[in-house]
Amino acid sequence: MTGIRRVLIAGAGIGGLTLAAGLMRRGIEAEIVEISNDLTVQGVGIALQGPTLRALNVIGVIDDCVAVGFGITQLVVGDVDCNVTDRVAMPRLLGEAYPAVLGIMRPDFQEILLRSARKAGVSIRAGITIESLDQDEHGVEVVLSDGAAGRWDLVVGADGIASRIRTSIFDSGLVPVATGQAVWRATLDRPPEVDNLMMFYGPRNKAGFNPVSAREMYVFLVQNPPNPARLAAAELPDVLRGQLSDFGGIMGEAREGIEDPAKILYRPVEVVLAPAPWYRGRVVLIGDAAHATTPHLASGAGMAIEDAIVLSEEVATREKPDDALEGFMRRRYDRSRMVYRNSIKLGEWEMNPQDPDADPVGLSRESIGLLAQPL
Ligand SMILES: Cc1cc2nc3c(=O)[nH]c(=O)nc-3n(C[C@H](O)[C@H](O)[C@H](O)COP(=O)(O)OP(=O)(O)OC[C@H]3O[C@@H](n4cnc5c(N)ncnc54)[C@H](O)[C@@H]3O)c2cc1C
């Protein structure tokens, strides 16, 4: 045991909740402060890849996820009229009893992670953040935004892409940058023929379907806008239907059902990678706070979950805190940077398809192979 007995986590998102549950299961007290008053999340879907499912298995939530999500075993590829041109079997890292990939609605997933953290005894305070940090070699004195103060052995910034902990321990200029693309997700009723991950290539855009429950799916589209400006909610359905206008077949039919702005997420893509190591003394970053990338490998949540699993293992099993944090970096930096770089590269090739080096299928396959290796 490292002597780390009490851990304060900023952020009740995917990484923070997984870490808190992982630490408590190993007998380390974890507390979370979450800046938002509301612990729920926007109702969009997410894809949990095989390595993510493997990591979720460690905190015992995989069956709950499978029960509400939609199991995917194949990537179906097609043309602009949704004629199928290829089917790629995806590896089942947890064996035949589990799907290769799981589509799930984010609110359902958040609920499962919250339940798991609460069941493990994690204290979660909503509407609170860290006001100031002051550390010595044994721990961190923290003042919270409600005026409460305390001392913790380790403070974790799981506070997402716009992390304040990151800008407080690194320089304040380490902020996300736009890549030039934007992503769309629209939740719709799922027709029976959408029973796997589907991706269709049009002349302007790549679009597809991801089933997320027995009843629902989301349409996704990656747009190469000249200028990825924010859009008003009322404009979203029209703009998305316009971006999908080249497509026929089942995508053309789905397009006509895109009407409700509340069911559409539009997000210009931004990225940031903190240099190694992601810690200063007894303050460490995990998840998007350390490495937020593009959605091209659908592995951002997976990387946050893996960070959480590895950090809880290292803290629970090493003799000294420094060894735990060094061990965490050794196991996490190269893998997260690979996902970061390869995801960005896939987006660049979509924006510059004439690039003679462009090999999106090869790079995706290579990345999936690397991610399938043990943590
Ligand atoms: C459009 C889109 C699609 C995506 N699709 C996928 C996908 O299909 N599969 C996948 O694996 N990944 C996907 N991702 C990436 C994934 O959502 C993120 O990588 C993941 O949510 C990161 O988890 P996190 O815990 O680090 O951060 P978050 O989930 O963002 O959680 C951060 C939490 O910290 C809180 N917080 C912020 N500031 C503070 C503060 N100062 N104090 C306290 N709390 C704070 C926030 O309110 C939030 O609750 C997608 C991302 C986008 C944008």
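Helix α9 (residues 321–351) lies across β13, β15 (206–211), β16 (216–223), β17 and β20, and runs at about 85 degrees to β13. Such axes are lines fitted to C-alpha atoms, for helices over the stretch in contact, with angles from 0 to 180 degrees between N-to-C directions. Contact requires that the C-beta atoms of two residues, placed from the backbone, lie within 7 Å. Helices (H or I, at least four residues) and strands (E, at least two) are DSSP runs numbered from the N terminus.

The model is predicted: local features need pLDDT of at least 70, side-chain atom pairs count only at pLDDT 80 or more, and totals for chains, interfaces and linings use all residues. Residues are numbered from 1 along each chain as its sequence is written.

**The sheet**

An open sheet of eight strands has the order β6-β5-β14-β15-β16-β13-β17-β20, and its pairing is mixed. Its edge strands, β6 (84–89) and β20 (291–292), each pair on one side only. Two strands pair if DSSP finds at least two bridges between them.

Strand β14 (residues 197–201) is joined to β15 by four bridges in the antiparallel sense, and phenylalanine 200 has alanine 207 of β15 as its bridge partner. These two strands, β14 and β15, form a hairpin with four residues between them. A hairpin also joins β15 to β16, through four residues. The pairing of β15 with β16 is antiparallel over six bridges, and glycine 208 has phenylalanine 220 of β16 as its bridge partner. Because five of the six residues of β15 are buried, this strand is largely enclosed by the rest of the structure. Burial means that 20 or more other C-beta atoms, placed from the backbone, lie within 10 Å of a residue's own; exposed residues have 12 or fewer, and partly exposed ones fall in between.

Elsewhere in the sheet, β13 and β17 run antiparallel and are joined by seven bridges. Tryptophan 184 has tyrosine 266 of β17 as its bridge partner.

**The ligand shell**

The ligand is surrounded by 33 residues, of which Gly11, Gly13, Gly160, Gly287 and Gly300 are the closest. A residue is near the molecule if its C-beta atom, placed from the backbone, lies within 6 Å of it. The elements that give two or more residues to this shell are α1 (14–25), β2 (29–34), β3 (45–48), β13 (177–189), β17 (264–273) and α8 (300–317). The largest share, four residues, comes from α8. By class, the shell has 15 nonpolar, twelve polar and six charged residues. Here Ala, Val, Leu, Ile, Met, Phe, Trp, Tyr, Cys and Pro count as nonpolar, Asp, Glu, Lys and Arg as charged, and the others, Gly among them, as polar.

Helix α8 is mostly covered, with 15 of its 18 residues buried. At 1.5 Å a residue, the 18 residues of α8 should span 26 Å, and this agrees with the 26 Å between its end C-alpha atoms. The expected span is 1.5 Å times one less than the number of residues in the helix.

For helix α4 (residues 106–119), the 14 residues should span 20 Å at 1.5 Å a residue, which agrees with end C-alpha atoms 20 Å apart. The buried residues of α4 are Asp108, Phe109, Gln110, Ile112, Leu113, Ser116 and Ala117. These buried residues pack against α1, β3, α3 (62–68), β7 (101–105) and β8 (123–126). Just after α4, glycine 121 takes a positive phi of about 95 degrees.

**Loop residues**

| Residue | Phi | Loop |
|---|---|---|
| Alanine 298 | about 45 degrees | between β20 and α8 |

Cysteine 82 is buried, because 21 other C-beta atoms lie within 10 Å. Alanine 298 counts as partly exposed, with 19 C-beta neighbours inside 10 Å.

Alanine 262 is placed in the loop between α7 (249–255) and β17. With 10 C-beta neighbours inside 10 Å, alanine 262 counts as exposed. The C-alpha atoms of alanine 262 and threonine 187 are separated by 9.2 Å, although the two residues are 75 residues apart along the chain.

A cis peptide bond, with omega of about -10 degrees, joins alanine 276 and proline 277. Proline 277 is found in the loop between β17 and β18 (279–280).
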